[in-house]
Amino acid sequence: MGQFENLSLTIRTIHDVKEFVEVSELEKIIWQSDDPVPVAHTVTSVDNGGMVIGAFLDDKIIGFQYSFADFDGINTYLYSYLLGVSRISHQWNW
């Protein structure tokens, strides 16, 4: 284990705008793109039945999952749109 034994992993839903911005920045890193899902879109989606889940290692976001609410004419459901996990070494320079 060595360098990883004292780290704490937490997985939880995201509701704070600051953390939505962190998700957007992580999306840019993972897909090496300057065109992430707009923060206003994810916030609005969560406010209307969607969900963003974050994976945090020692309070630093390392992964996320984003689903938005959808309706097929009969049932409502969550549509899983994005899932990404960063290389740990990228964020901590290991």
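Residues are numbered from 1 along each chain as its sequence is written. In this predicted model, local features need pLDDT of at least 70, side-chain atom pairs count only at pLDDT 80 or more, and totals for chains, interfaces and linings use all residues, while side-chain values use heavy atoms, without hydrogens and water.

Rings of Phe, Tyr and Trp (its six-membered ring) pair if their centres lie within 6.5 Å; planes under 30 degrees apart are stacked, over 60 edge-to-face and the rest tilted. The count comes to five aromatic pairs. One of them joins Trp-31 and Phe-64 edge-to-face, at 6.2 Å centre to centre and 65 degrees between the planes. Trp-31 lies in helix 1 (residues 17–31) and Phe-64 in strand 3 (residues 60–71), so the pair ties together parts 33 residues apart in sequence. Helices (H or I, at least four residues) and strands (E, at least two) are DSSP runs, numbered from the N terminus. Phe-64 is buried at 3% relative accessibility. Buried means under 20% relative accessible area, exposed over 50%, and partly exposed in between (1.4 Å probe, protein chains only). Trp-31 is partly exposed, at 40%.

Phe-68 and Tyr-81 form a tilted pair, 5.9 Å centre to centre, with 50 degrees between the planes. Phe-68 lies in strand 3 and Tyr-81 in strand 4, so this pair ties together parts 13 residues apart in sequence. Phe-68 is partly exposed, at 24% relative accessibility. Tyr-81 is also partly exposed, with a value of 45%. Tyr-66, Phe-68, Tyr-79 and Tyr-81 form one aromatic cluster.
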